[in-house]
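Open the model in your viewer and keep the selection tool ready. Each stop below says what to select next.

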Amino acid sequence: MLSFLIRRIGMLAVTLLGITALIFLIVQVLPGDAVDQILEAWISSEGGAHEVLRAKLGLDRPLYEQYFGWLWDILRGDLGVSFAMEAPIAPILVERLMYSLRLAIPALILSVFLSLILGVVAAMRPNGFIDNTITVVTLTGVSVPAFVSGSLFILIFAAWLQWLPSTSSLTEGEGFFHWAYVLAMPIAVLTLEALAHITRITRSSMIEVLKTPYVRTARLKGLPKHLVVFKHALRNAMLPTVTVIAFNIGWMLGGVVLVEQVFSYPGLGSLVLFSIEQRDTPLLQASMFFVASGYCVANLLADICYALLDPRIRYS
Amino acid sequence: MSVPSNKILALEEDEGHLESASPSVTPPRRVPVSLILGGVIVGLFLVLALIGPHITPYPFDKFHFGSRLAPPSADFWWGTDRYGRDIFSRVIHGARLTVFMAGAGTIIGVAFGLLIGLFSGYVGGWIDEILMRLTDIAMSFPGLLLAMSDVAAMGSNEINAVLSIGIVFVPKVARVVRSATLGLRHIQFVEAAEVRGESNSFIIFREILPNVWPPVIVETCIRLSYAVLLVVSLSYLGLGAQPPAPDWGLMIAKERAFLISSPWVVMAPAGAIVALIIGVNLLGDGMREWLAARKTADE
C-alpha cells in the first residue's frame, strides 16, 4: 500500500507541474494583457503608461522567467495579487472556496447517499416498474443542464409556490436553518445533476455483481437478502461508483459555475468567470490552478478508496 | 463528467444480451427503439437547422415594440421577449447555431483525438507515454472550465467556442481510441502486415482504423451530447455566440430577469435544449446497443 501511495503521489506532482504549464500557456495566449484592460478605459497607448505599468507588474520579463517566477511563488504559497480586486489572491480564493464548499459538500453527501439507495433499488428488479421510473428520471437528469433545471426550480419554488428565495446571498452569522433555507435550491440542483450519474453507474454495476456466482452462493447458504446486497454485492459494485463520485467532485468544483450563475452565488466558479471577464490574469491563473489541483486530489482520493476496496489494484 | 457516460450507456444493454442469448439460429437484428427515437429527434433538429430560417413566421431579430414580453398567442406562438422578438422564430433559428456548433466541435475533437489515439496506441513506447501524460494533464480540468478558459484566451465568439469544445474533447477521444488500438496491436492481421513490410501509415489507416470504428462511433455520440451541453453552457455564460444571435443558452441568460414575470422567455429555449440532448443521448444509447448486438451476432 505504501509503495502504491508513493507512486500515485509522485504522479500527482508531475501532473500538477504540467497543469501549471498548461494554465500559463492558455493565459499567455489571451489577446491583450491585464495592462490593456486596466488602462484601456482612460489612457491611450501612446503615452508610455502601458510600459511603466507592465514593468511594475513584471509583465515585461521574458516568458520563461515569468513562468518560473509564478511556479516559485506557488511553491512558497504566494498566489500573487489580483489586478481587478487590488487584493491578495489567496484570501479571496479561500473565501470563495468556502462558499462553493457550502454548496458542494451537502450536495455530494446527499447525492451519494440517495443515488446508492436508488441504484440498489433499481438493480433489485431490472426493467421492473421502479427501475424504469428511476431510469427515465435519471436519463432526464443527465439531459438537463444545471442552468435550465435551476431556472425551472426558481420558477416553481420561488415564483409560484414562494417557498424559497430566488437568489442565494448569504449573510455571515446567520444560523444553520437560514443557510439551509437560502441554499436549498442550488444544493438541490447540484444534487440532481450528480444523482443521475451516480445512480446509473451504481445500478449497472450492481446488476453485474448480482449475477456473479459468489452472490448466489451467499444467498444459497441462507444469508438474508439485505445482508447479501449491502455487504457482499454493494462493496464490489461500489468500485466504478467511487470513480464517478470523484469525477463529480471535480465537476462540482468547476462546473458549479453554472449553478452559481443562476442563483447569483459568489463561489469559486463565478470567481473564474469574473477573472475571465476582467482579464485578471493572476486571478485566472490562480483560480484555475486551485480548481484543477482540487480535481487531481479528488482523483487521488478515489484511487486510494479504490485500492482499499479492491486489494488487487495495489499490486498491479 | 466524461467517464460516467461511457458506463451509463451500458444501461440499456441488458435487453440486447437477452436477445442474443436466445437459442434462435439467426439472432434477430432488431434496431433498438432508443436508436429510432433518438434518430428521429436528432433528425428533426437537423431538418430545423437546415430549413428553419425559411419556415419561421418572423425574422429572428425583428422587433415588435407594440408587443413586448407578450404571452403565447396566435400571432406569437411562444410569446415574445423584452424587445418584442418572436420567441418561436428565435428558437427555430437557434437550432442551426446549436446543432452546427455542437457538430463542428465534436468533429474537430473526434478527428484529432482519432489521429492521436491511433498513432499513440500503435507506435507505443516513450511517445505513447508522453502523449498519454499530456492527456492526463488536459483532463485534470473540469471540461467546462477548460472550455471557458480556452474561449477566454481566444475571444468570445461562435468559432472559438467550437474550437475550445474540440480542444476539450481531443484527449478524451484519444484515450478511447488508444485503448482500442492497443487491443488490436498484436492481432494476427496487423502482425502479418508488419511482416509484409507495410508502412506504418498503411497499417494504421488500412488495418487498424476500420476496426476501431465501433467504439469511435459510440464515443462520438457521447461527445455530441456533451458538445450540446457545452455549447449552451458557454453561451449561457456569455462565452459563445454574442447578441443578437438566437442562441438558446444566450436567450436564457439574457432573459433571465423576466423568468418569473414571463416564464416563456426562458422555458421555450430550455425545452429545445432538453429535447435535443435527450435525443442525442437516446441516439447514443441505441447506437451502442445496436453495435453490441451486431457484434455478438457476427461472432
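Which residue of chain B forms a salt bridge with A:Arg200? Select B:Asp285: the closest N and O atoms of this pair are 3.9 Å apart. A salt bridge here is a side-chain nitrogen of Lys or Arg within 4 Å of a carboxyl oxygen of Asp or Glu. The rule finds one across the interface of chain B and chain A.

This is a predicted model, where local features need pLDDT of at least 70, side-chain atom pairs count only at pLDDT 80 or more, and totals for chains, interfaces and linings use all residues. Residues are numbered from 1 along each chain as its sequence is written, chains are lettered from A in the order in which they are written, and side-chain values use heavy atoms, without hydrogens and water.

**The interface.** Select both chains. In contact (heavy atoms within 4.5 Å) are 47 residues of chain B and 50 of chain A. Together they bury about 4500 Å², 77% of it on carbon and sulfur atoms. Buried area is the accessible area (1.4 Å probe) that two parts lose on being put together, summed over both.

**Inside chain B.** Select α6(B), residues 143-154. Helices are DSSP runs of H or I, at least four residues, numbered from the N terminus. Of its 12 residues, 11 are buried, so α6(B) is largely enclosed by the rest of the structure. Buried means under 20% relative accessible area (1.4 Å probe, protein chains only). Among the buried residues are B:Leu144, B:Met148 and B:Asp150. Step on to B:Gly155, which follows α6(B) and has a positive phi, near 105°.

Definitions and conventions
Helix = DSSP H or I, 4+ residues; strand = E, 2+ residues; numbered from the N terminus. Expected span 1.5 Å × (residues − 1). Buried < 20%, exposed > 50% of the residue type's maximum accessible area, 1.4 Å probe, protein only.
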